Structure formats: structure tokens, C-alpha cells
Amino acid sequence: LEAMAKPTPQQERVALRRSLYAPANARKNKLPTQAFLRAAEFGDLPAVRSMALDCSAELSGLRCKNFLECDPHHLVDSAHYLNNTERKNLKYQFTELPELLNAIGSVQVLPPKLGHSASSPLDDPPKKRPETPALAKTKGITGRLARSENNLTRLASTLAGRQDVCEAAKSQPQLIWEKARRGEQALPALAKALRSERIAVRATQMNPKLLRVSEPQIRKIMPTLVSICGGAEQAAYAVVWRPELLELETASSLRESLQAASGFFGNLKDALFLLGQTTAPPSVKVIARQFCREYVVGEYFLMDGVSVDDRPVWCKPAVQMKSLGSRARDVYLIYCQKGVVGLDTMHPCWTFTTNYSPSLKKYDYCDPQILGWAETSVKSPDQVLPGDWHFPAEAHKTQVPGLWPADPYVRSEDGGQARGLWLCTHPPRQLRDTFDMLRFATG
């Protein structure tokens, strides 16, 4: 038995050769690396980033080659079906991804941020700001690596949730290039005003230019904006799409403008609805995998003056679904406060539905024939996170009939159309004069 358990010299040589050529981490990352190469060959930019950031694919070296010994740059150059812009974007990823991974790795090894202890005073003098290292001021690849690492490290060190900053940097690489001197002041001030580090990080992820706003300006405007918008999430959404709100001289003008609008309507509810109409996106795009969810995919347009459960309504006209022929119908994005029928818990949600009438102002119960839903209470569907949309189970043996599994590939995003001026950015006197002229014209 001992002779059978002992490996032969040939087996020892094979094991040694394998251990020297492909260590454990290389064998583990072999499949993601090959998937990374295939994605680069086909020009699939999201897959390239996913394989590198989430699956630990190797980006260079002897093992980052396919069976024809072609590296990523050679594969992109030989892909003649890609245009020059696609080649340029892919090659830029080959440069940016190592810098991003290096910066994220530096953040992950930072010691945890500790708050004030019971023995230490709360009025400690402010600590001296860390200075930019000399290497970060140089040019070339070494300078870029040092700058990205310095910027993201100093930005993440201001918050306790470092992982949120790392995840935000993966989807918004611009965070590693925003100057750390402004960012390390703006981000904690925004988190304190919103009372949530997660919301503050998500806001800067959607609009990195918020890190350039001065700390006193954030402390002056954000508390009033939170009270007007009705919550931290809506205030963050407002400054993401309207950063000019943080450029106002005084915060009292926002409240006075809202009071002028509520005086015209006679109640605050209609004034807040008009404020929501100027904040909501003019269009929302719903995206999914190719040839999937065709009945909900498309561009939805905001319906002027229409509300259900105090939320605006978006509509996708039937002309966008000509391929369905006579089965094409208008699809609506409608908010339902009562929740989805048939679930154990009734939570507010956004729904896709084909049943809508102008007389509908409030749901007594959710439409049982909805096409899909997302459990959330946000003001507009473009704020729904990817992976939160649920659709009825298809006739497939791996899905239980009657359930509503989530589809991680369905996303609802802003359509990109320009928004008009925000209601409360107008001077109060100008709003009163405009409302008086409107009242006189309409009788």
C-alpha cells in the first residue's frame, strides 16, 4: 500500500512542471482570461470590463494569450469588423483597467476607519491633509498609477464604507481621476448632509463633478434641498441631474419659490407635483438582452400633467412595436402604492402595464395583468437599480410557474433628453408674476 501511495519519479516531474508553469491562481483564472480574450476579439466592451473587474482575468503576460498565441492588442487590431472608435475604446480599457485595479487594491488594504472613542474629545483639531506624493506628479505610466492610487485612496479614507467607493469606481472610473484635495472635502460633507454614505457615493458615481463643489456650499444648500424634495434620495437625485442647484447664493430662495408655487395652486401637494415634473426625466429607456423582453424594451415618454399615486406616468407608444403587428399596444410605466397582487408582502412598486385610462388617479389595488414590477418607492423609474425588475416565470423546467424571478439584464435608464429649468431655481417674484399672468389668461 505504501508503494502504491508513493508517486513515481515521472509523476513527480509532471507535478513539478505543472506547478512551475501554472500556479493555483493561474489555473483558477484561466477560464476568465480566455473569456476576456474572446470578449476583446468580438468588441464586447461590457464583457471586457466584467471579466477584468469581477472575475480576476489576467490582462497581460504569457498566460494572457489564446491558442494562437495572440494577445489582446493583436486580437483588436485583427478584428476588421470593428471601427476605429471601437478599437480606440477597447485599447483605452487595456490601459485603464490595470490602473483601476491597482487603485482598488490599495483601498482594500487600508485599515478600517474608527470613530471617536469615549475617552477622546469630540472637538479634536482637524488633522493635517495628506500631501500628494512626488511620484504622482510625474509623467508616464508610473505617474498615472500613482495619481489614480492617491486620488481613490484619499477619497475612500474619508468614509467608513470603503467597499462602496470601490464598487462605484468600477462602474465610474472617472472617480480615480477627480482631484483628491476637493473630493476628500466634498464627499464627507455630502454624506453628512444626506445622512447616508451609500447615497452620497451613488450620487458621485452618477455625477463625479459633485466632488468639485466646495464643502461650505454643500453645507449651505443640501439641508434645505432635502426638506424640499422630501428625502435624502430625492435630494441626491436632484443635484445629480441639476448640479447648478449647488451654485445658488442662498438656500432660502428655494423655499420661497416653493411657497410662491403653493400659493398659486392653493395647496402644497400640487406644487410638489409640479416640482416633480421638472425633476423627472422627459424619457426613460428600458434595455434588456437582445431578443428578450421585447414587449417592455424601448423608450418611454413622460406624459404631461398625468399622475398616479402622486407619481408621473411614462408611455411607450405602440408604433415602437411594429414587429408585433396587431398585437402592439401602448405600454405604461406606472407607480402603484398598494404593491403587487399575490405576493406575501404588499410594498410600493413601479410596474409595466397596458391598462391605463386618463381617469385613473390612484390604485385601489395593483393591476393583476401587469407585465413586470420593481419593488421601490423612488420618484421615477430611472432610479430603479439593475436587477430589481421582476417578470413572470416562463414555461421552462428550471423556473417554478407563478413566481416572478428577477432579470439582472433589464435596466431602466435616463433617456438622455435635456431637462428644462428646475421650478425652484426661478426667483420667487418672477414665479408670482408668471402665475398671475397665467391666472389672468385662463380666467
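**Exercise 1. Asp310**

Task: Is Asp310 buried, partly exposed or exposed, and where does Asp310 sit?

Solution. This is a predicted model.
- Step 1: Asp310 has a relative accessibility of 48%.
- Step 2: Buried means under 20%, and exposed means over 50%. Asp310 therefore counts as partly exposed.
- Step 3: Asp310 lies in the loop between E2 and strand E3 (311-316).
- Step 4: Check the backbone. Most residues other than glycine have a negative phi. Phi of Asp310 is near 60°, a positive value.

**Exercise 2. Phe291**

Task: Find the loop that holds Phe291, and classify Phe291 by its accessible area.

Solution. 
- Step 1: Phe291 is in the loop between strand E1 (283-287) and strand E2 (298-308).
- Step 2: The relative accessible area of Phe291 is 67%, so Phe291 is exposed.
- Step 3: Phi of Phe291 is near 65°. That is a positive value in a residue other than glycine.

**Exercise 3. Helices H8 and H10**

Task: Describe how H8 and H10 are arranged.

Solution. Two packed helices are described by the angle between their axes and the distance between the axes.
- Step 1: Take the distance. The axes of H8 (residues 140-156) and H10 (residues 180-194) come within 9 Å.
- Step 2: Take the angle. The axes cross at roughly 20°.
- Step 3: Angles under 35 degrees count as roughly parallel. H8 and H10 are therefore roughly parallel to each other.
- Step 4: H8 passes H10 in a right-handed crossing.
- Step 5: List the contact residues. H8 gives Asn150, Asn151, Arg154 and Leu155. H10 gives Ala180, Arg181, Gly183, Glu184 and Leu187.
- Step 6: Sort them by class. The contact has three nonpolar, three polar and three charged residues.

**Exercise 4. Salt bridges**

Task: How many salt bridges does the whole structure hold? Then place three of them in the chain.

Solution. 
- Step 1: The search finds twelve salt bridges.
- Step 2: Arg38 pairs with Glu41, with the closest N and O atoms 3.6 Å apart. Both lie in helix H4 (residues 30-42), three residues apart, about one turn of the helix.
- Step 3: Lys91 pairs with Asp77 at 2.6 Å between the closest N and O atoms. This pair links distant parts of the chain: Lys91 is in helix H7 (residues 84-108) and Asp77 in helix H6 (residues 72-78), 14 residues apart.
- Step 4: Glu178 pairs with Arg212, the closest N and O atoms being 3.1 Å apart. Glu178 is in the loop between helix H9 (162-171) and H10, and Arg212 in the loop between helix H11 (197-206) and helix H12 (215-229), so the pair ties together parts 34 residues apart in sequence.
- Step 5: Glu178 is buried at 7% relative accessibility, whereas Arg212 is partly exposed at 43%.

Terms used:
Residues are numbered from 1 along each chain as its sequence is written. This is a predicted model: local features need pLDDT of at least 70, side-chain atom pairs count only at pLDDT 80 or more; totals for chains, interfaces and linings use all residues. Side-chain values use heavy atoms; hydrogens and water are left out. Axes are lines fitted to C-alpha atoms, for helices over the stretch in contact, and angles run from 0 to 180 degrees between N-to-C directions. Helices (H or I, at least four residues) and strands (E, at least two) are DSSP runs, numbered from the N terminus. Angles under 35 degrees count as roughly parallel, over 145 as roughly antiparallel, 65 to 115 as roughly perpendicular and the rest as oblique. A crossing is left-handed if the near helix is turned anticlockwise from the far one by less than a right angle, and right-handed if clockwise. Contact means heavy atoms within 4.5 Å. Ala, Val, Leu, Ile, Met, Phe, Trp, Tyr, Cys and Pro count as nonpolar, Asp, Glu, Lys and Arg as charged, and the others, Gly among them, as polar. Buried means under 20% relative accessible area, exposed over 50%, partly exposed in between (1.4 Å probe, protein chains only). A salt bridge is a side-chain nitrogen of Lys or Arg within 4 Å of a carboxyl oxygen of Asp or Glu.
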